[in-house]
Amino acid sequence: MRHTIAVLVENEFGVLSRVVGLFSGRGFNIDSLTVAPTNDESLSRITLVTRGDEQIIEQITKQLNKLIDVIKVIDFEPENAIEREMVLVKVSAEDESRAEVLRIADIFRAKVIDVTPKSYTLEATGAPAKVAAMVELLRPLGLKELVSTGPVVIGRGARGWKG
Amino acid sequence: MKLNGARILLECLKREGVDTIFGYPGGTVINLYDELFSFKEIKHILPRHEQAGVHAADGYARATGKVGVAIATSGPGATNTITAIATAYMDSIPMVIITGQVPTALIGNDAFQEADIIGITRPCTKHNFLVKDVKDLALIMKKAFYIARTGRPGPVLVDLPKDVQIAQTEFAYPESVEIRGYKPTVEGHPKQIEKAVDVMLQTKKAVIYVGGGVILGNAADELTKLAHQLGIPVTMTLNGLGSFPEDDDLSLGMLGMHGHYCANMAVSNCDLLIAVAARFDDRVTGKIAAFAPHAKIIHIDVDPTSIKKNVRVDLPIVGDVREVLIRMLKTVDKHKAEVETLKQNLAPWIEQINEWKSKHPVTYKQTGSTIKPQYVIQRLRALSAPDAILATDVGQHQMWVAQFFQFTRPRTLLSSGGLGTMGFGLPAAMGAQAAFPERQVLAVCGDGGFQMNMQELATLVQNRLNVKIVILNNNFLGMVRQWQELFFDKRYSSTCMELPIDFIKLAEAFGAVGLQASKVDEVDAVIKKAFEIEGPVLMEFKVAREEKVLPMVPAGASLTEMVLT
Ligand SMILES: Cc1ncc(C[n+]2csc(CCOP(=O)(O)OP(=O)(O)O)c2C)c(N)n1
Ligand SMILES: [Mg+2]
């Protein structure tokens, strides 16, 4: 099962490597990871996506909580959270495919951020599933390069770190 | 008044009640050692290798319950400590290790004797700190000790660059400390405890399974009381030995790979397993799927990650083991009548256990004049003081100690259980002897492991640490040889030590006394003589070379599949 976990940590050097080391040292998987300071500058927030059965996820959250520099761990249930990620995609765009790329970009409300005679680069944000759907449509047109932030997540309403 | 970082560090140690430290000097701690030169409140012991220094601090901590402290210089000094830090981490021993580091301006430059010790020790410490500013030093030390000794204890490393030792600042030691990401649960959930007692009162076939955490958490008395009040038998892990007296009728001794038949049978057949500050190590459980297959499991532990890590648990209780047991005892007290019924209900189970006990006790045959290693352990128990502290190395001798020494008091067995570190025994004994100069301290080693830290004979002699060293010399890496005998067709690949060492001359070369016994009727005389001599003594017992540790649960087999002969 895929889980999106938010980890609130001390904004100090070495903390990220403790978190990452925990995963590599125990053979847990990280699908994606983003990190940046929060509105409280003494804190950073890591969002990571991992997978595993219930027991593995329980161990992961407990092990994260055990780290001295970790202040809170939230394993979000999809229905109580909003997830967003951003991708930058460079697609071949020549002749007839140029219009098709723009049509797809339009449907997904992506922005064209770079144009050359041979390619378009698009910027898209949204729920991971939506972004993935756009990428799949672009793939057959000649997807050259894809960069993704990985999702960030926030709780709905009163859910999450501060309601 | 302003103090330099080196002096501040020592003042912090003093305020934490540290009286003895083990350390080895070098370029990046030379300022610290200069301060130490005139700082008389702390006794410093110089080992002959940093690994041994940290093992000694570990032995000190295991024997006293206080935080052990060790110092090493940067680079090679620091990397020499790794095995010992990992040893302490696996067994949850409270320690603070201070390493020198190159000056802050040079960090990351591959400077002379630079090693990223923070990076290297991240997975084998409970936490670690790099001190970048002398103003942070006092608070970091306060945190280091607090983290090391609270919750599930463990080693904490403080990396102290040379310039921070020299820089000056006002010193004030914080009275208290708050770490927002670190709040160990102390009190167990009252409802869970009540539920647990309810379950206990219903059982017909229960076993208490005790880990090293009961000793670390100073809960041996409470545990013993609980077992007695309920009349439930107790089995212990290697590091749990000493938490419940082995000469008690309710004791089943150690369980697991080389555990007692009765203990493994009891766990495999019980209807309730009460796990107290134990972590279900694979050497204890054997094949997980067949571990305590009929039992409800109650698990008390201060570390939530220990619970349900590898075994299903029906009733978890997170909290300080002593606090939880005290509360349990109070709850049990309210159920006098039920306890009486419980004892009656348990009677057939106790009878069954006694049958297992007498059917296959741990045993050996002392025939002929060749000394059986088990015999030496039994004679050591008989001839040593009841409060003697015994440190072991790792191997067959360690298991024979566990099977035959009959521990009755907490903190009298010091053994590397989790990491299984050869070379641990001698320096750990050294640390315990430094803490308790008046008590008998034994180091029981194999011939192999002894050679991994034998340089510490010098430290013993220099500091008049009267450790009595026992070498069970089979001239083999015996434990590995046993596996080769049983599972590899006796192909003794690199386990025969070949070279016979003259251990007596070795001891004498260091200025210690060496004694030797090669026949069974010499054993008592050697032990008695060693105990009479003031000062460190090395006793070498030439023992039956191919004796096996039995029973044995082969790796991956279930606890009931014991090889008995
Ligand atoms: C540092 C280290 N290296 C290797 C091992 C693997 N090992 C476990 S027991 C053992 C043999 C120990 O031999 P000895 O010290 O003579 O004790 P004996 O088993 O003969 O009693 C070995 C090599 C270990 N536990 N620790
Ligand atoms: Mg040997």
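Modeller: What follows goes from the ligand site to the cavities, and then to a helix and a strand residue. The model is a predicted one.

The shell around ligand 1 holds 17 residues, and those that come nearest are B:Gln396, B:His397, B:Gly420, B:Gly449 and B:Gly478. Two of these residues also make polar contacts through the backbone. A polar backbone atom of B:Gln396 lies 2.8 Å from an oxygen atom of ligand 1, and for B:Gly449 the distance from a polar backbone atom to a ligand oxygen is 2.7 Å. A side chain takes part as well: an N or O atom of B:Asp447 is 3.0 Å from an oxygen atom of ligand 1. Ligand 1 would expose 590 Å² if taken alone, and the protein buries 76% of that area. In terms of secondary structure, α17 (396–404), α19 (447–450) and α21 (478–487) of chain B are the elements that give two or more residues to this shell. Sorted by class, the shell has nine polar residues, seven nonpolar and one charged.

The protein has three cavities of 30 Å³ or more, and the largest cavity contains about 130 Å³. Its lining consists of 13 residues, with B:Arg62, B:Ile215, B:Leu216, B:Asn239 and B:Leu413 nearest the centre. At least two lining residues come from each of α10 (213–216) and β16 (413–414) of chain B. Seven residues of the lining are nonpolar, three are polar and three are charged.

Helix α1 (residues 5–15) of chain B is largely enclosed by the rest of the structure, because eight of its 11 residues are buried. The buried residues of α1(B) are B:Gly5, B:Ala6, B:Ile8, B:Leu9, B:Leu10, B:Glu11, B:Cys12 and B:Leu13. Just after α1(B) comes B:Gly17, with a positive phi of about 80°.

The last item is in chain A, where A:Thr50 belongs to strand β3 (residues 43–51). A:Thr50 has 0% relative accessibility and therefore counts as buried, the cut-off being under 20%.

Note on methods:
Residues numbered from 1 in each chain as written. Chains lettered and ligands numbered in written order. Predicted model: local features only at pLDDT ≥ 70, side-chain atom pairs only at ≥ 80, totals over all residues. Heavy atoms only, no water. Near = heavy atom within 4 Å. Polar contact = N/O pair within 3.5 Å; in protein donor to acceptor, adjacent residues only side chain to side chain. Areas by Shrake-Rupley, 256 points an atom, 1.4 Å probe, with all protein chains shown as cover. Helix = DSSP H or I, 4+ residues; strand = E, 2+ residues; numbered from the N terminus. Nonpolar A, V, L, I, M, F, W, Y, C, P; charged D, E, K, R; others polar. 1 Å grid on protein atoms, 1.4 Å probe; cavity = no way out; pocket = protein on both sides within 12 Å on 5 of 7 lines; lining within 4 Å. Points joined across faces, edges and corners; volume = space filled by probe spheres on them. Buried < 20%, exposed > 50% of the residue type's maximum accessible area, 1.4 Å probe, protein only.
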